[in-house]
Amino acid sequence: MSETDRTALARSLRDAVRGEVEFDATARALTTMDASNYRRVPLGVVAPRDADDVAAALAVCREHGVPVVPRGGGTSIAGQATGTGVVLDLTRHLRSIVALDAETRTAVVQPGVVLDDLRAAAAPHGLTFGPDPSTHSRCTLGGMIGNNSCGSHSVAWGTTADNIGELSVVRYGGGPAHRIGRGWGPGAPAGLRELVDANLALLRTGFPDLPRRISGYALDALLPEHTSGPAREHAPGDGTGHAPGRPAERGPDLARAFCGSEGTLGVVTEATVRLVATPRHRALAVLGLPDESAAADAAYGLLAHQPLTVEGMAADLVREPAGLPRGGAWLFVETGGDTPAEARAHAERVLRAADALDGAVVTDPAEQRALWRIREDAAGTATRMPDGSEAWPGWEDCAVPPVRLGPYLREFRALLTEHGLRGAPYGHFGDGCIHVRIDFDLLTPPGVARFRRFSEDLATLVVAHGGSLSGEHGDGQARAELLPRMYGDELVALFGRFKDLWDPHGGMNPGMLARPARLDENLRFDVLPRRPVDVAFGYPHDGGDFTAAVRRCVGVAKCRTTEAAGADVMCPSFRATGEEAHSTRGRARLLHEMLAGEVITDGWRSEEVRDALDLCLSCKGCRSDCPVGVDMATYKAEFLHHHYEGRRRPAAHYALGRLPRWLRIAAPLARPLNALARIRPLAALARRVAGIAPERGIPPLATETFRHWFAREREGGRESGAPAVRPEAAVRPGSAAPHGSAVPPAASVRPAAVTPPGPSRPPASSVPPVLLWPDTFTDHLSPQVGQAAVRVLEAAGRKVTLPATGVCCGLTYVSTGQLDQARAVLRRTLDRMAPDLGLPLVVLEPSCAAALRADLPELLPDDPRAAQLAASVRTLAEYLAEYAPDWTPPRLDREVVGQTHCHQHAVLGDAADRALRERMGLNGELSGGCCGLAGNFGFERGHWDVSVACAEDRLLPAVRAAGPGTELLADGYSCRTQLAQLGGHRARHLAELLAEGLEGE
């Protein structure tokens, strides 16, 4: 389409539609891909506000001869959520649960409703929507209808098609919505009944009978003898977890036939769905078996016990099988009951019935969630082989009759070996459906040719076992070309006639199902550069290739969830804005298109990429929470480095990005500068010049730095091993610190009187010294944390020393993309640390510890000292656990609330901190998420609203809900500052609590 025609189309859509019409580069780049191997560039994106908008958009597109693809969460794995025309984004506005009737167990929903939102609304009534894909936290009901999605509970509750009552559908060309359900009715396209009547024999014999037949159009649902009804439901007290549902109905079911049509027939604007009763209690039997074939053989035998799930996965998918029974593969079998004892007894019967190597029954909900997370994250973790090489979908979800699954898997493994490929199978063993990602080479012509040969051979194998090419995710572009092998040419031709009756102009998602594109066309890798681009970071997990790092994002969109998922951090900016551009996936898509150069044409200078990355908090949450380990904080730093190369930077990059330099200069002038900062006009001027948000308070400088205090104490003759400081009295959450104020001045911390070391402590000279890192925040802004740490380390019998002056982790330079300066700072650090490189290094500020452990070796990959220093980094809790395991910490016996620092969660881990808190008697869980300040982010002009929204997501509600006397714990300076400035809450570092306890003793 010419640019003139595209402009005219956009204008017509804006005139007709009340929702957003976006034809800019960002909107197009965000929707070029779904979670598949395919990429198609749309003309633009429309976000309709209601069904009338949908109809208006379809009418305009018909007038202009432009195709349309409806899109939900964009997690489709076969390419059906991509298109070359107009993408209808149904997730922004059409998100209402119109009605929920607990009596009839039905709900009326719009297509953009996220599955978990429906489940949450149904839960108070003891109901749920049965199908539950692993993407349940972000997939939409419209997308589930389009793909006929299933999930782990399909052995009990069936597919989406089994749980649909009626659909409202708008066809290409617009007009009023057609209501379809059971029977022909007025919503049926003209000629459809005649088509069915003329082909009854073919429809009766052409479809394999298996629970996970998702491939092709479900035309057998239009047979006069077709039987359908609600899936079986949990029956209280029956001991099995199931009972027959309402009586089945007979006759053609248009809604069921529409399910799985992948947006090729029309657009669903409203759906009536059936809900099922959920067991009051659940138990999980986890069975360990020798290999996946043995697990598959065992799975079929367990179906007689009527479980809720029978899920399987092999050992080559599980990197750390912690908590799993002994075995080379596992079955997860969930059971239900009215009481915990009933559910457990049901699970124990399953365990006894299975011929397993090992097994366990898990009833604790938290333990069950942890085990299920291993299974749910497999869609992402399977994209990397154990050696780090890439693996891709394409043959992600074939299904065979469950009784044939064992033999099929053995032949499937043999076929992989024959083609020189590898994959890690997992999936819905109880339904005969296997997920697997395979290490296809989709970057070179020989690799793509092998992909095609394997696809053809695997299709033949699946059909030989009586299976379906797709058992869950649909055919899309990945498999539709091979449907004749499964159904034969005559039935596939009938598919084309069926589509034409619904969509005679061929405008609905062309290239899918009927008259499909070839499976090796439109591959999303074709447009990427073949040679590594010049970058600053080493990208050791991606072979030094930034393009390979960006390819990590496969689109499963775990970053798009807004649910509070335990300690997870990712993705705070999406949770605050709800916009795809501010999700990890969205940013990865923009970087992909930047590298491709087709939609985003100005490379590293791209303003679209810059604007999307601007709200990235660099929390590194995606590094750990993303199933494939996308590290957007690193990608952002890389982009900013190139984007501003040779150009003027934002003021905040100079002010906050070079903070260590300014604080060293300001240290001797701390008192007068603090006084000037309290003069409002001067403070406002300083914020404006420095690019700081006007809503932010300026934190006071310490009137004595930690380094100066440490030297003064030594020069004053303090005995090695003596206590360092009496910590300030505890200030509880909600205590006095006015709203919007900064953290109370560090200078108010009062040094304690020096007392000799306790007799039970060995002399400090008899044990190796420990280096205590004087990070910028501890040194200049919160020296009381460093003083407390000295007290604790010396109480543990350690001699504390500080590194030479001039060392820095480079954090602020990295986060603002000043990578040349960051490398210079880090090289200087390595030079000055050279005499002490063999010593353990305790770093109190989690972000600085993460920078030294992760950014340092990735910025200086060729300097062996970088890896040596990174390996020496310890948090205070890690050091005490490793080097002073016999030391007994003080017992405080308090409730705590607060937040695990996002960098600690993502890079360092908090197992040692949890164990130490438990030994101290500090009870309570710290929240996940991000505080929203995140170093320089929350201080920068324009970030205030998002910063506050991030804090309000989990941290501030947890603090407000805390009872009297609860201790507020936050190891990060940013977290403590955010809590003080947004709510007047005084939080403390774990070192301060330890020191207080020692003082009490």
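Is Phe495 buried or exposed in this predicted model? Phe495 is buried, with a relative accessible area of 1%, where buried means under 20% relative accessible area, exposed means over 50%, and partly exposed lies in between (1.4 Å probe, protein chains only). The tour returns to that ring below.

**Before you select anything**

Residues are numbered from 1 along each chain as its sequence is written. Because this is a predicted model, local features need pLDDT of at least 70 and side-chain atom pairs count only at pLDDT 80 or more, while totals for chains, interfaces and linings use all residues, and side-chain values use heavy atoms, with hydrogens and water left out.

Colour the chain by pLDDT, which is the predictor's confidence in each residue, from 0 to 100. The chain averages a pLDDT of 90, and 91% of the residues score at least 70. Select residues 230–245, where pLDDT stays under 50 and the model has 56 contacts beyond four places in sequence, a contact meaning heavy atoms within 4.5 Å. Then select residues 717–764, where pLDDT also stays under 50 and the model has 105 such contacts beyond four places in sequence.

**Stop one: aromatic rings**

A pair of aromatic rings is described by the distance of the centres and the angle of the planes. Rings of Phe, Tyr and Trp (its six-membered ring) pair if their centres lie within 6.5 Å, and planes under 30 degrees apart count as stacked, over 60 as edge-to-face and the rest as tilted. By this rule the structure has 22 aromatic pairs, and one of them, formed by Tyr217 and Phe495, is edge-to-face, with 5.7 Å from centre to centre and 85° between the planes. Tyr217 lies in the loop between α8 (200–205) and β10 (227–228), whereas Phe495 is in helix α18 (residues 489–502), so the pair ties together parts that are 278 residues apart in sequence. The helices (H or I, at least four residues) and strands (E, at least two) named on this tour are DSSP runs, numbered from the N terminus. Tyr217 is buried, with a relative accessible area of 1%.

**Stop two: charges over rings**

Select Arg479 and Trp395, where Arg479 lies over the face of Trp395, at 5.9 Å from the ring centre. A charge sits over a ring if NZ of Lys or CZ of Arg is within 6 Å of the ring centre and within 35 degrees of the ring normal. Next select Arg696 and Phe939, where the charged end of Arg696 sits over the ring of Phe939, 5.6 Å from its centre.

**Stop three: cysteines**

How many disulfides does a search of the whole structure find? The search finds zero, a disulfide being a pair of cysteine sulfur atoms within 2.5 Å. Select Cys571, which is in no disulfide, the nearest cysteine sulfur being that of Cys559, 6.0 Å away. Cys571 lies in the loop between α19 (546–551) and α20 (572–577), and a cis peptide bond with omega of about -10° joins Met570 and Cys571. Then select Cys931 and Cys975: the sulfur of Cys931 is 3.9 Å from that of Cys975, its closest cysteine sulfur, which is too far for a bond.

**Stop four: loops**

Select Gln110, in the loop between β6 (106–109) and α4 (115–122). The side chain of Gln110 reaches the backbone nitrogen of Ser96 at 2.9 Å. Leaving aside neighbours within four places in sequence, Gln110 is in contact with residues including His93, Leu141 and Thr269.

Move on to Asn148, in the loop between α5 (141–147) and α6 (154–157), where phi is near 55°, a positive value in a residue other than glycine. Leu513, in the loop between α18 and α19, has a positive phi of about 60° although Leu513 is not a glycine.

Finish at Ala391, in the loop between α13 (378–381) and α14 (405–418). The C-alpha atoms of Ala391 and Ile438, which are 47 residues apart along the chain, are separated by 4.7 Å.

Technical notes. Polar contact = N/O pair within 3.5 Å; in protein donor to acceptor, adjacent residues only side chain to side chain.
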